[in-house]
Amino acid sequence: MLAVATPEVLWWALLPVLFLSVGGLLLLTVASLVRRLPDWLPQAWTVVTGLAVLVACVPMWCEVRDEGPRTTLAGSVAVDGSTVLVTAVLAAVVVAVALLARPYLRREDLPGVEVYVLLMLSAAGGVVMASADDLIVLFLGLEILSIAVYVLAALHLRRIESQEGAMKYFVLGAFASAFLLYGMALVYGATGSTRLALVAEHLSATVLVDDSMLLAGIALLLVGLAFKVAAVPFHAWTPDVYQGSPTPVVAWMAAGVKAAGFAAMVRVLVTSLGTHASDWAPPVGVLAVASVLVGAVVAVLQTDVRRMLAYSSVAHAGFLLLGVQAADADGTAAVYAYLVVYALLATGSFAVLTVMGGDGDAAHHLDDYRGLARRRPVLAGAFTLLLLGQAGVPFTGGFVAKLGVLAAAVADRGYWVAGLAMLGAAAAAFVYLRILVSMYLEDPDAEAADGSTGPAVPLGARVVIGVACAGVLFVGLVPGPLLDLARDAVPVLVGS
Amino acid sequence: MDAAVFIVSAVVVLTGAAGVLVARNPVHAALFLVQTLFGVAVLFVLQDATFLAAVQVIVYAGAVVILFLFVIMLLGVDRAEDLGIEPIAGQRSVAAIVGASMLGLLLTVLLVGVDGPTGARGANAALGGAEDNTRRLGEALFTDHVFAVELTALLLTVAVVGAVVLARRVRGPLQPMPVVTVASATGSDDASATGSDEATATGDDPAAEADDEGEAG
Amino acid sequence: MLGQYLPVVVLLILAFLFAALSFVASRLLAPRRPHDRKAAPYECGIIPGRETPERFPVRFFLVAMIFIVFDIEIVFLYPWAVAHGGLGLFGLVAVLLFSLAVFESFVYLIGNGALEWGPVRRVRHAVSPARTSTSTIRRAGVREVGLEGRTIGDESGRAA
């Protein structure tokens with residue numbers, strides 16, 4: 001029998017996926033063979049794995065910068081700046097969530113190995129999404145990421161809201177996956193390949209007589225991806241899931257899942273289907289504006305801080321879509337810069353919420369934050385900074401991020417889109433103001449006032465909140481390095 | 001001959017699919033699903049995709065529907081939900097309109113645009129002999145799509161871990177159900193579970209008892 | 001080409017005919033005189049004490065799930081086996097990595113006791129020395145027939 005040509009493998013390019021998946025599987029094996037694992041081991045292992053991925057990203061970045069982007073494994077995996085940047089973001093969020101998870105699990109008396117396993121495997125799926133150069137690989141990465149997150153959302157088995165949220169997330173997520181898959185099938189039917197590079201090549205080399213099938217495929221792809229990043233009108237799951245899930249998991253959903261989703265969206269829409277930008281950009285613009293406005297306005301009506309932040313994450317998704325709909329290198333760079341900043345903001349904010357949740361993860365009402373500034377001034381200060389960052393106040397990272405996407409939209413002549421988004425940003429600022437007022441201006445409850453100093457802040461949470469605040473401030477004051485990084489990360493398609 | 005087989009199996013597929021939607025008894029719906037999947041297997045045979053046909057019967061009609069039946073039995077066939085009440089008023093009519101227009105759109109795209117959707121690369125050209133089929137598939141899977149194959153293993157592992165975690169016995173008391181309060185400040189789509197601080201102790205949850213039983217191992 | 005599937009079609013028709021005939025025959029021939037005791041879940045005389053809270057333990061579902069997982073593994077192994085001559089070492093490594101990852105979930109399942117069946121392990125401690133026939137009868141009075149011999153609530157040997 002004739003030997004078949006087998007694809008070459010760039011092992012260094014697969015290191016992040018390998019680290020995360022092998023790390024997860026090894027931990028799973030050890031945990032099933034050793035009955036009583038020391039309490040600290042799974043967390044330490046996860047942190048080490050995440051840091052190893054971060055370290056591996058440095059030589060990868062240099063290699064890509066010096067030698068240019070390329071693909072491996074028969075063109076199914078792209079190795080370029082965006083892959084490395086999003087991988088690094090995901091790895092950092094994994095480390096942060098692992099730091100938050102252990103005190104949380106101990107407080108809530110939950111069993112604790114699978115959390116880390118699922119977290120690492122989910123991150124592996126996210127990295128696959130960020131590096132997918134093939135629609136099938138993209139779908140598999142998305143499913144690995146999502147299924148792990150559905151389970152993580154249901155992890156608090158004793159909280160009925162956790163079960164409810166996970167159920168809603170799962171059912172709607174399964175629908176979204178079906179849409180995505182159908183869209184991929186139609187795009188494949190219209191272009192004859194699932195490889196993103198070949199799709200782009202085909203579309204740029206041929207003029208389709210009838211592109212209705214391709215357009216239907218793009219529309220369905222857009223639905224599936226918009227669900228993943230929680231853009232209006234596909235956001236309905238967000239508040240319930242954010243409210244019900246264990247708070248460290250919400251940090252992963254907000255920062256990690258969104259980053260992976262947007263990396264995939266940029267790769268598919270902007271890079272691969274860029275020739276049809278005039279077809280998909282207007283709907284994406286509508287999604288963006290709807291997300292910003294609905295997210296901001298409905299967030300104002302909430303009384304639960306987690307639901308507020310859920311809607312605000314919808315608004316952030318809208319801003320990110322603003323960068324996507326610009327459909328050019330500037331917009332893409334702005335999206336990546338926004339993703340980095342939002343990862344910092346979301347992880348930090350949900351770290352504060354993890355601490356504030358208290359026993360049973362229930363104290364998330366706005367009233368629970370009353371007078372926090374008096375009880376826990378440092379925590380309140382950090383939360384203030386993070387909230388101001390989310391609002392996009394100057395000298396914080398949020399300002400730099402929002403300015404980037406708005407500038408990209410304006411440069412693309414999307415004046416009305418940008419204008420409406422600004423309006424939404426102003427409305428969203430009111431949400432954060434409400435929390436700030438509650439923390440600083442209102443008196444604490446009677447029972448909270450006498451002697452209690454508020455929740456204890458574990459070391460892990462201190463590290464996460466501290467790093468997030470420092471990052472937000474640094475980006476706000478010295479935005480240059482991040483913007484350069486994001487500009488270098490704009491993905492380029494390489495034919496296989 | 002081919003056309004006749006196609007028409008018959010298409011009818012089998014479509015009646016099965018309609019049966020899944022119409023059947024009141026969930027077990028019947030699952031059996032209709034078997035019918036649909038079997039019809040699809042026949043369509044695969046018609047396309048010379050014999051391996052896929054076998055997989056379709058073994059994995060889908062065999063294993064997946066059995067899993068569905070397990071879940072139906074677990075939950076109890078007789079525990080029917082009252083479908084007469086719409087949780088959100090007007091939801092169903094809107095869903096029907098959107099669904100119908102979506103179906104119409106896709107049908108239009110597929111039927112009207114049937115001539116020129118693709119410019120190149122016949123995706124369903126003959127593979128040349130049914131015997132060759134599985135080997136070609138194997139070569140494609142383990143060269144061009146080798147990364148996808150490895151990812152499938154990862155996906156399966158995640159599924160197993162997820163199933164075990166979710167089927168796990170609950171330790172300790174369940175937390176009380178939050179009382180649904182319609183506070184004046186909540187949004188219109190926000191009627192669920194906002195007043196967690198006003199929760200009352202309804203600790204006697206049936207789910208807790210259900211988990212004590214049958215988990216003797 | 002399609003003629004080779006004729007036996008399958010014939011078999012299918014035969015199966016349907018057999019099932020249909022069985023229904024019709026039983027309808028025609030069997031006497032139908034249902035009454036309460038015949039319709040009871042156990043026709044053997046035991047009156048069910050209480051409604052069972054669930055029909056099957058979730059364990060059954062896990063087994064079905066695991067079955068599918070390994071089913072899918074076989075689906076991938078088969079094309080590899082057919083094509084392995086041409087794929088060489090690359091294919092072998094690929095399929096080994098694949099199998100290892102799936103096998104890993106098997107280790108996890110066994111380690112978690114998801115595949116352990118039957119009564120719990122420490123069954124010899126189940127009957128306490130203090131137990132007499134009167135205490136058994138008293139226990140039967142509170143409707144726990146069939147549960148003795150199983151140490152309910154003794155979960156210590158198992159990572160739940």
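Helix H5 (residues 135-153) of chain A and helix H6 (residues 160-191) of chain A pack with their axes 9 Å apart, at an angle of about 175°. Axes here are lines fitted to C-alpha atoms, for helices over the stretch in contact, and angles run from 0 to 180 degrees between N-to-C directions. Helices (H or I, at least four residues) and strands (E, at least two) are DSSP runs, numbered from the N terminus. The angle makes H5(A) roughly antiparallel to H6(A); angles under 35 degrees count as roughly parallel, over 145 as roughly antiparallel, 65 to 115 as roughly perpendicular and the rest as oblique. From H5(A), the residues in the contact include Leu135(A), Phe139(A) and Tyr150(A), and from H6(A) they include Ala166(A), Phe170(A), Leu181(A) and Tyr188(A). Two residues are in contact if their C-beta atoms, placed from the backbone, lie within 7 Å. By class, this contact of H5(A) with H6(A) has 12 nonpolar, five polar and one charged residues. Ala, Val, Leu, Ile, Met, Phe, Trp, Tyr, Cys and Pro count as nonpolar, Asp, Glu, Lys and Arg as charged, and the others, Gly among them, as polar.

The model is predicted: local features need pLDDT of at least 70, side-chain atom pairs count only at pLDDT 80 or more, and totals for chains, interfaces and linings use all residues. Residues are numbered from 1 along each chain as its sequence is written, while chains are lettered from A and ligands numbered from 1 in the order in which they are written.

Chain B holds another helix pair. Helix H2 (residues 26-46) of chain B and helix H3 (residues 50-75) of chain B pack at an angle of about 175°, and their axes are 8 Å apart. H2(B) is therefore roughly antiparallel to H3(B). Among the residues that meet are Leu33(B), Leu37(B) and Phe44(B) in H2(B), and Val57(B), Tyr60(B) and Phe68(B) in H3(B). The contact of H2(B) with H3(B) has 20 nonpolar, two polar and no charged residues.

The loop between H2 and H3 of chain B contains Asp48(B). Asp48(B) is not a glycine, yet its phi is positive, about 65°. Most residues other than glycine have a negative phi, and most peptide bonds are trans. Because 18 other C-beta atoms lie within 10 Å, Asp48(B) is partly exposed. A residue is buried if 20 or more other C-beta atoms lie within 10 Å of its own, exposed if 12 or fewer, and partly exposed in between, with C-beta atoms placed from the backbone.

Chain A has two backbone features of this kind. Phe395(A), in the loop between helix H15 (377-391) and helix H16 (397-411) of chain A, has a positive phi of about 70° although it is not a glycine. Phe395(A) is partly exposed, with 14 other C-beta atoms within 10 Å. In the loop between helix H8 (212-228) and helix H9 (238-244) of chain A lies Pro233(A). The peptide bond that joins Val232(A) and Pro233(A) is cis, with omega about 5°.

Chain C has four helices and zero strands, and its elements run α-α-α-α from the N terminus on. Of the 160 residues in chain C, 16% are buried. Among contacts in chain C between residues at least 6 apart in sequence, 70% join residues at least 24 apart.

Helix H3 (residues 58-111) of chain C has 54 residues, but its end C-alpha atoms are only 17 Å apart, short of the 80 Å that a straight helix would reach at 1.5 Å a residue. The expected span of a helix is 1.5 Å times one less than its number of residues. H3(C) bends by about 130° at Leu87(C), where the bend is the angle between axes fitted to the seven residues ending there and the seven starting there. Gly113(C), with a positive phi near 70°, follows H3(C).

Ala83(C), found in helix H3 of chain C, counts as buried because it has 22 C-beta neighbours inside 10 Å. Leaving aside its neighbours within four places in sequence, Ala83(C) is in contact with Arg135(B), Gly138(B), Glu139(B) and Phe142(B). Glu104(C) also lies in helix H3 of chain C and is buried, with 23 other C-beta atoms within 10 Å. With neighbours within four places in sequence left aside, Glu104(C) is in contact with Leu25(A), Leu28(A), Thr29(A) and Thr157(B).
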